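Biologist: I would like to learn how to read surface patches and salt bridges in a model. Please take them one at a time.

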Amino acid sequence: MTPKQVLEMAKENEAKVVDLRFLDFPGVWQHFTVPICELNEAGFEDGFGFDGSSIRGWQPIHASDMLVIPDPSTAKMDPFFEVPTLVLIGDIADPLTREPYSRDPRYIAKKAELYLKGSGIGDTAYIGPEAEFFIFDDVRFDSSTNGSFYEIDSVEGIWNSGREEFPNLGYKPRHKQGYFPVPPTDKFQDLRTEMLLTLEKLGIDVECQHHEVATAGQAEIDMRFKPLVQMGDQLMWFKYVLKNVAQRDNRTVTFMPKPLFEDNGTGMHTHISIWKDGEPLFAGDKYAGVSQEALYGIGGILKHCRALCALTNPTTNSYKRLVPGFEAPVNLAYSSRNRSAAIRIPMYSASPKTKRLEFRTPDPSCNGYLAFSAILMAVLDGIENKIDPGEPLDKDIYGLPPEELANIPSAPGSLEEALTALKEDNAFLLKGDVFTQDVIDTWIEYKTEHEVNPVKLRPHPHEFFLYFDI
């Protein structure tokens with residue numbers, strides 16, 4: 001879509017204002033709104049100014065002025081605002097040099113796509129994330145000097161099987177039995193379908209929606225694969241739509257990886273394939289019908305997985321899900337069907353066009369632009385350096401004897417471990433200036449100062465249960 005077409009679209013839809021959106025460093029959508037009269041064709045080049053010092057992980061206060069330059073290809077009408085509102089996703093630039101801002105996650109994703117094309121390996125990286133989430137009816141939490149708590153509730157929560165509900169009609173999925181009974185056990189069929197249809201109205205292709213394994217409204221809606229930057233944009237729309245549809249129904253959605261104790265966490269299995277000249281690069285005659293390039297790509301992910309986790313699993317809560325010995329994909333191995341391995345090769349279809357890698361470790365707390373870019377760079381590093389992934393692991397990992405299990409490396413056990421791994425292993429991300437050293441250093445510093453240390457310094461409520469009477 002051209003700037004002229006965007007202006008025509010705004011007129012056809014009687015848009016009164018324009019909402020300009022971009023992503024902060026950790027991964028939350030930011031926005032500000034201008035009257036529709038402020039948008040003209042020149043605005044798509046000149047951009048709109050804002051204060052970058054107030055955006056997490058960005059500019060210092062003495063160099064705060066920044067520009068957001070709207071991308072006309074991203075134009076959509078917001079489905080929630082009362083006033084007709086045109087939405088444009090923008091790229092960030094320095095107002096003096098007009099250079100793209102190195103810490104803008106969308107710019108990093110664009111550079112990853114350019115690096116792929118420049119490598120000669122392929123011209124398109126398709127990304128398909130399976131972002132899981134929870135739908136809750138109530139959530140309360142607080143963290144202060146002398147107290148800390150959280151409490152979550154859901155009409156589906158198995159803990160409410162004995163609650164007086166005037167009347168309590170039962171049908172609450174037991175722990176780990178939410179995949180996937182029909183209503184009345186599944187309470188959110190209509191709500192998930194509303195989410196799906198809202199996404200489709202925005203032009204986002206959806207493959208399916210369903211209840212997930214956990215009690216208390218765990219769910220999944222799968223978007224059809226798209227090129228990397230486009231999927232980064234869509235993931236932001238995805239989170240926005242789900243949260244606002246739920247809010248409209250007086251419910252709340254969270255993409256927090258592990259909000260419930262003793263039930264499944266929330267992952268974002270991420271499918272990736274590389275194509276060149278309209279042909280899939282990952283189809284071949286090797287293991288599970290993949291090509292040698294696909295195997296090398298697997299080798300790249302496995303080699304760099306511990307560093308990748310700092311970007312694909314970037315919260316302290318992520319590692320409440322990634323615990324060895326349970327069902328989470330922490331084992332750095334690959335398989336055609338084994339879902340406990342970090343990488344799976346889906347076997348639903350024999351068509352060469354469906355051949356892809358499924359990286360199962362990531363979760364949806366990530367900044368999609370950064371996570372998808374990092375995964376692509378690891379795959380490309382594997383192909384460029386012919387990294388051997390070793391033999392596949394088609395056995396039941398949890399049934400292996402301890403001596404055999406000890407030979408299988410594991411994902412990091414904490415965000416701090418992952419950040420240390422990223423500090424030691426980031427050269428593959430710096431190729432082509434996709435990620436800069438400043439981006440890596442700032443990410444590690446921000447996560448350490450704002451997340452790792454604050455959690456590390458605070459007493460945990462369960463510690464009172466364990467130790468108060470010592």
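Modeller: Patches are built from residues with over 30% relative accessible area and no salt bridge; like charges are joined within 9 Å, and nonpolar side chains (Val, Leu, Ile, Met, Phe, Trp, Tyr) within 5 Å. Accessible areas come from the Shrake-Rupley method with a 1.4 Å probe, and for residues only the protein chains shown count as cover. A salt bridge is a side-chain nitrogen of Lys or Arg within 4 Å of a carboxyl oxygen of Asp or Glu. The model is predicted: local features need pLDDT of at least 70, side-chain atom pairs count only at pLDDT 80 or more, and totals for chains, interfaces and linings use all residues. Residues are numbered from 1 along each chain as its sequence is written, and side-chain values use heavy atoms, with hydrogens and water left out.

Biologist: Which residues make the nonpolar surface patch?

Modeller: Val139, Phe141, Tyr150 and Phe261 form it, over about 520 Å². Phe141 sits in strand β8 (residues 138-144); strands (E, at least two residues) and helices (H or I, at least four) are DSSP runs, numbered from the N terminus.

Biologist: Is Phe141 buried or exposed?

Modeller: Buried means under 20% relative accessible area, exposed over 50%, and partly exposed in between (1.4 Å probe, protein chains only). Phe141 has 64%, so Phe141 is exposed.

Biologist: How many salt bridges are found in the whole structure?

Modeller: The search finds 26. In one of them, Arg106 pairs with Asp233, with the closest N and O atoms 2.9 Å apart. Arg106 belongs to helix α3 (residues 105-119) and Asp233 to helix α5 (residues 228-248), so the pair ties together parts 127 residues apart in sequence. Arg106 is buried at 3%, and Asp233 is buried at 9%.
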